[in-house]
Amino acid sequence: MTPLPPTGAIPARSAREARHVAIACFLGWMLDACDFFVVLFTLDNVARSYAASIEAVLLAPTLTLISRPVGAYLFGRAADRYGRRPILIAAILCYSLVELLSALAPTLGLFLFLRLLFGVALGGEWGVGTALTMESVPPRWRGMTSGLLQAGYPAGYLLASLLFLLLPVLGWRGLFVLSASSGLSAIYIVLFVKESPEWLARHRVAAGGPGRNRGPAGAPILPVLKRHRALVLYAVCLMTAFNVFSHGSQDLYPKIFLALQRHLPHPTVTLIVVLYNLAAIAGGLCFGMLSERIGRRRAIALAALLALPLLPLWALPESAAWIAVGAMLIQFCIQGAWGVVPAYLNELSPADIRATFPGVAYQCGNLLAAGSSLIQNGIAARMGGNLAPALMLVVGSAGGAIVLLTMLAGGAHRSQLGAQPAER
């Protein structure tokens with residue numbers, strides 16, 4: 001691994017430049033998530049359009065999920081070699097183009113293939129964007145910016161919900177075309193965002209000094225991963241627990257649990273979804289900022305621990321009002337823990353593969369957690385179809401695993417990104 005240059009060799013960024021980076025990466029992740037959720041909201045419309053079953057169209061999000069680790073690796077390696085900024089622009093343009101082509105797909109087979117490609121771009125955007133941001137903002141901003149970046153996911157969910165209101169006017173193809181306009185965020189990056197100062201500094205060090213011509217940078221990944229194999233195992237296990245924590249609380253909750261089991265009307269379900277996504281955004285920001293005071297591991301563990309006693313309030317009430325309260329509180333905690341993740345993974349990452357490591361760990365964890373909904377359905381089937389105990393058991397187990405991993409195993413790993421206390 002190439003040693004980092006002295007701190008003074010990394011050019012400082014103005015507050016204005018740092019804000020531009022944070023805003024751009026938030027927009028990229030929010031619009032990425034919005035494009036993904038538009039598909040989930042229109043599955044039945046897509047099925048009718050192609051005269052196919054919903055089960056056949058459900059392959060679309062599955063294929064997107066499968067290809068996300070591939071994108072995290074390919075785009076991450078490219079960003080470690082050629083720079084964060086151009087590869088982030090490429091990822092955003094790729095997922096926007098695929099979204100547009102999906103709207104024009106004449107057959108279901110082509111539509112599913114395009115959703116596979118969409119997963120590659122989706123998987124690439126997060127890791128590259130977080131690396132660019134964490135390396136560009138002042139160290140004291142990392143916690144708050146981490147929460148802001150991760151808030152892009154529930155914000156994208158909210159935006160997709162609002163776009164869904166236009167379905168009767170635009171149809172599903174029109175919604176896809178509209179969501180493809182997310183590619184315009186690349187213009188913001190071109191105009192206002194500069195390359196990561198740390199990547200530029202490493203670029204010069206690898207060249208033997210400033211001003212010398214050189215090829216692309218980037219250490220061979222396998223020796224780095226072998227040297228840090230305990231860290232790799234820890235990060236993938238942690239992100240698997242995190243994805244079960246998140247997907248276990250979201251995927252079956254609105255339609256299956258609230259609509260079918262609690263028999264809440266559609267407007268009420270929509271309102272609850274909006275409220276708990278607003279709470280999720282607030283939680284990510286709050287715990288992200290708190291992590292600057294108490295450390296990343298403690299902030300993650302605290303948020304996950306606070307979610308555990310809230311599980312009965314979240315899953316057992318019958319009235320819409322108490323369900324809404326429980327959903328808001330638990331998403332505040334779950335996404336609060338998530339809000340620390342971008343900073344934590346980037347600070348743990350080996351410097352030579354910082355654009356690759358966090359994204360691959362995240363997406364591999366996502367892939368390993370893909371069966372969480374099936375597990376919840378299976379548990380519910382054994383309990384007479386009641387989903388509430390299954391929700392609490394799976395989400396509670398994931399939360400407990402996060403607490404144990406961060407507080408016990410997490411202490412063995414130290415930050416690689418400068419200006420952070422050793423505890424983190």
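Figure 1. Among contacts with a separation of 6 or more, 85% are between residues 24 or more positions apart, a contact being heavy atoms within 4.5 Å. This is a predicted model, so to speak of local features we ask for pLDDT of at least 70 and count side-chain atom pairs only at pLDDT 80 or more, while totals for chains, interfaces and linings use all residues. Residues are numbered from 1 along each chain as its sequence is written, and side-chain values use heavy atoms, with hydrogens and water left out. The protein has 21 helices and 0 strands; both are DSSP runs numbered from the N terminus, helices being H or I with at least four residues and strands E with at least two. Of the 424 residues, 58% are buried. Here buried means under 20% relative accessible area, exposed means over 50%, and partly exposed is in between (1.4 Å probe, protein chains only).

Figure 2. Helix 20 covers residues 372-382, and its buried residues are Ser372, Ser373, Gln376, Ile379 and Ala380. Looking down the axis, these buried residues fall within an arc of 125°, so they line one face of the helix. After helix 20 comes glycine 384, with a positive phi near 75°.

Figure 3. Glutamate 99 and arginine 115 join side chains in a salt bridge, at 3.0 Å from N to O. The two partners sit in distant parts of the chain, glutamate 99 in helix 5 and arginine 115 in helix 6 (residues 108-136), 16 residues apart. A salt bridge here is a side-chain nitrogen of Lys or Arg within 4 Å of a carboxyl oxygen of Asp or Glu. Glutamate 99 has 0% relative accessibility, so it counts as buried. Arginine 115 is buried too, at 1%. The whole structure holds 10 salt bridges.

**Figure 4. A salt-bridge network.** Arg77, Asp80, Arg84, Glu135, Glu198 and Arg354 are linked by salt bridges into a network. One of its links pairs glutamate 198 with arginine 354, whose closest N and O atoms are 2.5 Å apart. Glutamate 198 is in helix 10 (residues 197-207) and arginine 354 in the loop between helix 18 (341-348) and helix 19 (357-368), so this pair ties together parts that are 156 residues apart in sequence. Both glutamate 198 and arginine 354 are buried. Another link joins the side chains of aspartate 80 and arginine 84, at 2.9 Å from N to O. Aspartate 80 is buried, with 3% relative accessible area, and arginine 84 is buried as well, with 2%.

**Figure 5. A nonpolar patch on the surface.** Leu97, Leu100, Leu101, Leu104 and Val177 make up this patch, which has about 420 Å² of accessible area together. Patch members have over 30% relative accessible area and no salt bridge; like charges are joined within 9 Å, and nonpolar side chains (Val, Leu, Ile, Met, Phe, Trp, Tyr) within 5 Å. Helix 5 (residues 84-104) is the biggest giver, with 4 residues. Valine 177 comes from helix 8 (residues 167-179), and at 40% relative accessibility it counts as partly exposed.

**Figure 6. Two loop residues with positive phi.** Most residues other than glycine have a negative phi. Alanine 51 has a positive phi near 55°; its place is the loop between helix 2 (43-49) and helix 3 (54-57). This alanine 51 is exposed, at 74% relative accessibility. Histidine 263, also not a glycine, has a positive phi of about 55°. You'll find histidine 263 in the loop between helix 13 (253-261) and helix 14 (266-294), exposed at 62% relative accessible area.

**Figure 7. Cysteines.** The structure has 0 disulfides, a disulfide being a pair of cysteine sulfur atoms within 2.5 Å. Cysteine 25 is buried, at 2% relative accessibility, while cysteine 94 is partly exposed, at 33%.

Note on methods
Arc of directions from axis to C-beta. Areas by Shrake-Rupley, 256 points an atom, 1.4 Å probe, with all protein chains shown as cover.
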